[in-house]
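Trainee: I would like a close look at a single part of this model. Please take me through the surroundings of the ligand, and then the pockets.

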Amino acid sequence: MIKRFTPLFLSTFAFLLGWDLLTRLSGIPNFILPSPLSVWTRFLKAMNDGSLPHHTAITLTEIVLGLIVGVTFATIVGYMLAKSRSLEKVLSPYLVASQAIPVIAIAPLLVIWLGDGILSKVVICALIVFFPVLVNTIVGVRAVPTALYDLMNSLHASRAQILMKVEVPASLPVFLGGLRIGATLSVIGAIVGELVDAESGLGFLLQLGDFQYDTPMVFVAVFTLIALALMLYGIVRVLENRFLKWQN
Amino acid sequence: MPHTPILTIRNLSAVFPNDNGGLHALENISFKVHPREFVCVLGPSGSGKTTLLRILAGLIPPTSGSFTFGRGEQPSIGMVFQQATLMPWRTVVENIKLPLEVEKMDEAAARKKTNEMIELVGLKGFEDSLPRDLSGGMAQRVAIARALIHDPDLLLLDEPFASLDALTRERMWTELSHIWQARQKTVIMVTHSINESLFLADRVLVLTQRPGKIKMDMPVDLPRPRKDEIRYTSQFGKLAKKLRGAIE
Ligand SMILES: Nc1ncnc2c1ncn2[C@@H]1O[C@H](COP(=O)(O)OP(=O)(O)O)[C@@H](O)[C@H]1O
Ligand SMILES: [Mg+2]
């Protein structure tokens with residue numbers, strides 16, 4: 001365990017040291033490139049006055065709800081498309097066209113329609129998560145070996161049994177690959193929504209820091225976002241390790 | 001045989017759609033199978049042997065003709081496919097247990113039966129291995145155990161030993177004929193080995209080149225249990241010659 005994380009510790013240390021030396025030696029002012037120490041001080045302050053936990057909780061809520069909604073819809077629609085060629089023919093032009101519009105471009109619209117509260121962010125987040133999970137669900141379900149369907153049918157298995165005993169486990173590796181991409185994108189979705197207009201959340205904090213030339217605060221917000229993305233990525237990896245042991 | 005047939009096949013034909021009038025895989029197949037009979041189906045590749053088993057297992061409908069089972073109801077079927085068709089995410093035990101799960105047998109009873117099967121096919125010590133760690137012969141034995149575990153009325157075996165080396169194959173013949181005698185099963189087994197069919201079967205059906213028709217229906221009145229040496233008897237030689245003549 002210690003051995004595994006040694007390279008990570010070393011690279012983090014080198015990064016911080018390089019950053020610190022850069023701010024000391026270059027003379028770049030603190031409001032453009034703050035030193036690691038001033039970011040750390042700002043972090044402690046934001047923790048103490050409760051602002052960072054508060055805004056992080058808001059953003060995390062948006063992300064989690066967005067993921068739940070996006071992944072649920074993507075899985076259901078993806079499964080239906082994988083099972084029905086005719087449905088795919090009808091729907092896929094719309095799905096592909098929808099991907100040609102960057103979510104960033106319609107985020108302001110969604111905020112106008114759904115308000116500047118949490119709902120618009122959840123929807124933006126869900127939209128951005130939807131596509132990678134959808135595509136991977138389709139690919140995963142399509143790749144289920146037909147021989148396993150034959151096996152289940154020869155045993156007179158029910159549709160539900162085929163779903164639970166064959167389709168879910170067989171498509172899980174590809175599905176989780178999509179979820180991994182989706183989880184990382186979900187952070188972007190929430191922030192995009194908050195940057196358009198919000199009264200709270202890490203995106204709001206980031207913008208506030210920007211307006212007030214509180215650059216250390218911007219850094220704190222950015223690092224918190226990175227931490228959230230890493231955490232979500234890590235959770236998916238844990239799921240993969242848990243459920244895909246049979247692969248390697 | 002005095003019993004009523006367990007399976008009656010009448011004028012069965014199978015045509016697969018293609019660009020010039022359909023591909024005729026089977027043409028006008030009729031035969032009966034009696035309870036506890038071991039029938040081998042022999043024929044050149046492409047003569048529709050696999051198609052015949054798939055129709056009997058209910059995986060595809062015949063183009064014309066019909067087949068009925070003894071008491072009129074769909075019998076439970078144990079099928080061994082040309083490839084072992086194991087679920088890579090399930091251990092040996094879990095793969096063998098699958099038919100019992102489909103039947104919703106309670107866990108304790110299923111465990112007990114599975115252990116018996118493990119013993120029977122000589123896989124003790126490999127209970128928790130994954131398919132990727134099994135040799136071809138072991139994987140095929142798992143598939144055979146899985147086909148037997150739910151005590152099916154009818155065993156459908158599609159060249160189950162084709163992928164094995166000669167030595168393992170001959171050991172499997174002995175094992176299969178033991179299992180067949182101990183469990184009193186009705187077996188329809190596809191093979192393209194004359195030796196294999198004479199070693200195991202009560203009766204051999206020879207199919208013609210595509211479209212498959214029944215060319216010969218030959219009883220195998222060799223004494224049981226059949227040991228290795230039976231291959232050097234004159235009776236065996238005579239039957240082998242007859243089959244070879246029918247296959248050309
Ligand atoms: N699902 C299918 N669609 C189209 N053609 C098929 C299909 N299954 C089998 N065939 C064709 O039917 C013929 C018989 O196939 P098969 O039953 O697999 O023969 P065998 O098992 O005796 O080698 C072959 O020419 C094969 O290409
Ligand atoms: Mg075949």
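**Around the ligand**

Mentor: Start with B:Gly46. One of its backbone N or O atoms lies 2.7 Å from an oxygen atom of ligand 1. B:Gly48 also uses a backbone N or O atom, 3.1 Å from an oxygen atom of ligand 1. B:Thr50 uses its side chain: a polar atom there lies 2.7 Å from an oxygen atom of the ligand. A polar contact here is a pair of N or O atoms within 3.5 Å; within protein, one must be able to donate a hydrogen and the other to accept it, and residues adjacent in sequence count only if both atoms are side-chain atoms. On its own, ligand 1 has 560 Å² of accessible area, and the protein covers 62% of that (Shrake-Rupley method, 1.4 Å probe; for residues, only the protein chains shown count as cover).

Keep the ground rules in mind. This is a predicted model: local features need pLDDT of at least 70, side-chain atom pairs count only at pLDDT 80 or more, and totals for chains, interfaces and linings use all residues. Residues are numbered from 1 along each chain as its sequence is written, chains are lettered from A and ligands numbered from 1 in the order in which they are written, and side-chain values use heavy atoms, with hydrogens and water left out.

Now the whole shell. A residue is near the ligand if one of its heavy atoms lies within 4 Å of it. Among the residues around ligand 1 are B:Phe16, B:Pro44, B:Lys49 and B:Arg210. By class, the shell has 4 nonpolar, 6 polar and 2 charged residues. Ala, Val, Leu, Ile, Met, Phe, Trp, Tyr, Cys and Pro count as nonpolar, Asp, Glu, Lys and Arg as charged, and the others, Gly among them, as polar. In chain B, β2 (23–33) and α1 (49–56) each supply at least two shell residues. The largest share, 3 residues, comes from α1(B). Helices (H or I, at least four residues) and strands (E, at least two) are DSSP runs, numbered from the N terminus.

Turn to the linings of two pockets. For the largest pocket, the lining divides into 14 nonpolar, 2 polar and no charged residues. Its largest share, 6 residues, comes from α10(A). The lining of the second largest pocket has 8 nonpolar, 1 polar and 5 charged residues. There α8(A) gives the most, with 5 residues.
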